[in-house]
Amino acid sequence: MRTVKEISDLTGISVRTLHYYDEIGLLKPTDKSDAGYRLYDDKALETLQQILFFREFDISLKEIKTVIENPALERNQILQMQRKMLVAKKERMEHLIASIDRILKGDKAMDFEVFSKTELEDMYRSMEANVSEEQKAVFIEHYGSMEAWKKNFLEKASTEAVQKNFQKIVEWYGSKEKALEVSRNPGNSEIFPAYQKRLGEIIKRLSEKKGQDVNSFEVKELVGEYDFVTKQMYQMPDVTAMALEMAAVYCTNPEIQAAQDRVYGEGATEFVGQAIKAFYKKSNL
């Protein structure tokens, strides 16, 4: 058995954080000494290692607790989950390193293409296969025909501005292959609006916390829910980059602020942006 101080020295996690994990039921001590001090065995230490790994990926404490307490998930399943997350992060880092290497080599060519014409046509076919008849009717009314919509999509998707946006999407997903995979399999068209509605409800509840410390448990818990829903919505293992970009927009774009503040109250949009920034900032927890 190890004391809370020994666990702190061994892992670098503060005693205060270990006490907090005990309070929220995330990591309970194995036993207590006669003097009432917390004691931890090797199994508890292994659980703590899993918690710390998930925290490296900015997963909320609430989500971690759900995963660890899920009786259907065995140790190897959790390790497989963690491995997939690590591979995704590795692919994203390799992509960023390759981009830096090209810059260091002096590659300043205006080659902004991310998805080729063939890949864009593949994306279009996936979109067309997944839109409802009602949506098709809207496109036909607006463009004149589905073929005209396809032409418009391919033309716009080939522009530098849109390709740069595609580059962001590739970085968010970790690889071009993953981004294409998601575009081919967007899931049930009824689920996406449901996720959007849920995100709107989370933003509303966050806005109601305006004035509170963005590092408070109540605020972080809501952003943790925002993180979870966003991952499900976009089928991403890590939404940090996308969420931080959205937070920057909330904090700096006066037009977005004015539009959303009319719904959620003055100053709400910037508060939500600051809360998202605080959540995804490297935490000591």
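What follows is a chat about a predicted model of one protein chain.

Visitor: How many helices and strands does the chain have?
Guide: In this predicted model, the secondary structure of the chain comes to 15 helices and three strands.

Visitor: And how much of the chain counts as buried?
Guide: The chain has 285 residues, and 35% of them count as buried.

Visitor: What about contacts, what share join residues at least 24 apart?
Guide: If you take the contacts between residues at least 6 apart in sequence, 65% of them join residues at least 24 apart.

Visitor: Let's look at the strands. In what order do they form the sheet?
Guide: The three strands form an open sheet in the order E1-E3-E2, and the pairing is antiparallel. The edge strands are E1, at residues 2–3, and E2, at residues 31–32, each of which pairs on one side only.

Visitor: How many bridges are there between E2 and E3?
Guide: Strand E3 covers residues 38–40, and E2 pairs with E3 in the antiparallel sense over two bridges. To find one of these places in the structure, look for Lys 32, whose bridge partner in E3 is Arg 38.

Visitor: Now the helices. At what angle do H12 and H15 cross?
Guide: Helix H12 spans residues 217–234 and helix H15 spans residues 268–280; their axes cross at roughly 80° and come within 9 Å. An angle from 65 to 115 degrees counts as roughly perpendicular, so H12 is described as roughly perpendicular to H15.

Visitor: Why give both an angle and a distance?
Guide: Two packed helices are described by both, the angle between their axes and the distance between the axes.

Visitor: Which residues make the contact between H12 and H15?
Guide: From H12 the contact is made by Val 219, Lys 220, Val 223, Gly 224, Tyr 226 and Asp 227, while H15 brings Phe 271, Ala 275, Ile 276, Ala 278, Phe 279 and Tyr 280. Sorted by class, the contact has nine nonpolar, one polar and two charged residues.

Visitor: Which residues touch the most other members of the largest nonpolar core?
Guide: That core has 24 residues, and the ones touching the most other members are Leu 206, Val 223, Tyr 226, Ile 276 and Tyr 280. The elements that give two or more residues to this core are helix H11 (191–207), H12, helix H13 (240–252) and H15, and the largest share, seven residues, comes from H15.

Visitor: What is Leu 206 in contact with?
Guide: Leaving aside its neighbours within four places in sequence, Leu 206 is in contact with Val 219, Leu 222, Val 223, Phe 271, Val 272 and Ala 275.

Visitor: How many residues are in the second core?
Guide: The second core is separate and has 20 residues, including Leu 18, Tyr 40, Val 67 and Met 85.

Visitor: Changing topic, is Ser 8 buried or exposed?
Guide: Ser 8 has a relative accessible area of 12%, and because buried means under 20%, Ser 8 counts as buried. You will find Ser 8 in helix H1, residues 4–11, and, not counting residues up to four places away in sequence, Ser 8 touches Ile 13, Ser 14, Val 15 and Leu 18.

Visitor: And Lys 43, buried or exposed?
Guide: Lys 43 lies in helix H3, residues 42–56, and is exposed, with a relative accessible area of 64%.

Visitor: Where is Glu 181?
Guide: Glu 181 sits in helix H10, residues 176–184, and counts as partly exposed at 41% relative accessibility. Glu 181 and Met 123 are 58 residues apart along the chain, and their C-alpha atoms are separated by 9.5 Å.

Methods
Residues are numbered from 1 along each chain as its sequence is written. This is a predicted model: local features need pLDDT of at least 70, side-chain atom pairs count only at pLDDT 80 or more; totals for chains, interfaces and linings use all residues. Side-chain values use heavy atoms; hydrogens and water are left out. Two strands pair if DSSP finds at least two bridges between them. Helices (H or I, at least four residues) and strands (E, at least two) are DSSP runs, numbered from the N terminus. Axes are lines fitted to C-alpha atoms, for helices over the stretch in contact, and angles run from 0 to 180 degrees between N-to-C directions. Angles under 35 degrees count as roughly parallel, over 145 as roughly antiparallel, 65 to 115 as roughly perpendicular and the rest as oblique. Contact means heavy atoms within 4.5 Å. Ala, Val, Leu, Ile, Met, Phe, Trp, Tyr, Cys and Pro count as nonpolar, Asp, Glu, Lys and Arg as charged, and the others, Gly among them, as polar. Buried means under 20% relative accessible area, exposed over 50%, partly exposed in between (1.4 Å probe, protein chains only). A nonpolar core is a set of buried Ala, Val, Leu, Ile, Met, Phe, Trp, Tyr and Cys residues joined through side-chain atoms within 4.5 Å.
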